[in-house]
Amino acid sequence: MKPRRSGMSLFELIVVVIIVGVVYSLAIFSLKKEKAIPSIMTLSSIKTTLLSFSQQSEIRMVCDLSCEECRLFDHDEKVLTTLTLASDTPVYRYGFNRFGELQRWGNAVVSSEGRLSEGCFDVTLSPDGLITPFILKSENTYYVYTPLGDAKPYISTSEEAVRKFVFDESTYPLSGDTFYGAL
């Protein structure tokens with residue numbers, strides 16, 4: 001008759017310690033990888049907030065008509081989260097007409113969750129960090145987001161400064177373009 005063993009052998013103990021160590025290191029790695037995603041954003045932090053979401057495909061943010069609550073959608077139109085846009089004054093979407101005049105645009109018509117609806121504005125962020133260009137105005141301040149710009153917008157209270165920023169002659173030399181003829 002064999003004597004009964006009580007406890008674990010040294011080999012079994014080493015295997016258990018290795019398994020616990022691997023599970024612990026995976027848990028710590030995944031917790032460190034998680035980012036603190038803000039639920040409140042400001043007009044000057046829209047792109048920064050969108051970039052905080054890691055994505056493999058484009059994501060789209062649609063703000064409701066009051067411009068206070070924004071929903072973030074993935075490429076399958078599944079809602080990822082809801083964000084609050086902090087602004088003490090009403091927010092309006094602006095753009096340039098074909099004559100180069102800055103004017104207030106109407107509401108954005110967006111397709112979300114399989115139906116058309118109106119929203120204050122919408123923004124699409126591609127996986128490479130490019131966003132759709134847009135201009136927002138709150139009180140007397142313009143916030144200009146460009147596709148290739150910084151995460152922070154160009155901010156100005158002057159309509160002329162916004163026009164010069166968007167239609168920068170050093171970037172877009174219109175006067176030297178042969179299409180327009182000699183000016």
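**View 1. C63 and its disulfide partner C70 in the predicted model**. C63 counts as buried because its relative accessibility is 0%, where buried means under 20% relative accessible area, exposed over 50% and partly exposed in between (1.4 Å probe, protein chains only). C70 is likewise buried, with a relative accessible area of 0%. A disulfide, defined as a pair of cysteine sulfur atoms within 2.5 Å, joins C63 to C70 with an S to S distance of 1.9 Å. The torsion about this S-S bond is about 95°, so the disulfide is right-handed. This is a predicted model, in which local features need pLDDT of at least 70, side-chain atom pairs count only at pLDDT 80 or more, and totals for chains, interfaces and linings use all residues. Residues are numbered from 1 along each chain as its sequence is written, and side-chain values use heavy atoms, leaving out hydrogens and water.

**View 2. The disulfide between C67 and C120**. The S to S distance is 1.5 Å, and the torsion of about -90° makes this disulfide left-handed. Both cysteines are buried. In sequence order, the bonded cysteines of the protein chain pair 1-3, 2-4.

**View 3. I46 in the largest nonpolar core**. A nonpolar core is a set of buried Ala, Val, Leu, Ile, Met, Phe, Trp, Tyr and Cys residues joined through side-chain atoms within 4.5 Å. Of the 23 residues in this core, I46, L50, M61, F121 and F134 touch the most other members. Not counting residues up to four places away in sequence, I46 touches (heavy atoms within 4.5 Å) M41, M61, L85, F121, F134, L136 and Y145. Apart from this core lies another, of seven residues, including F96 and V162.
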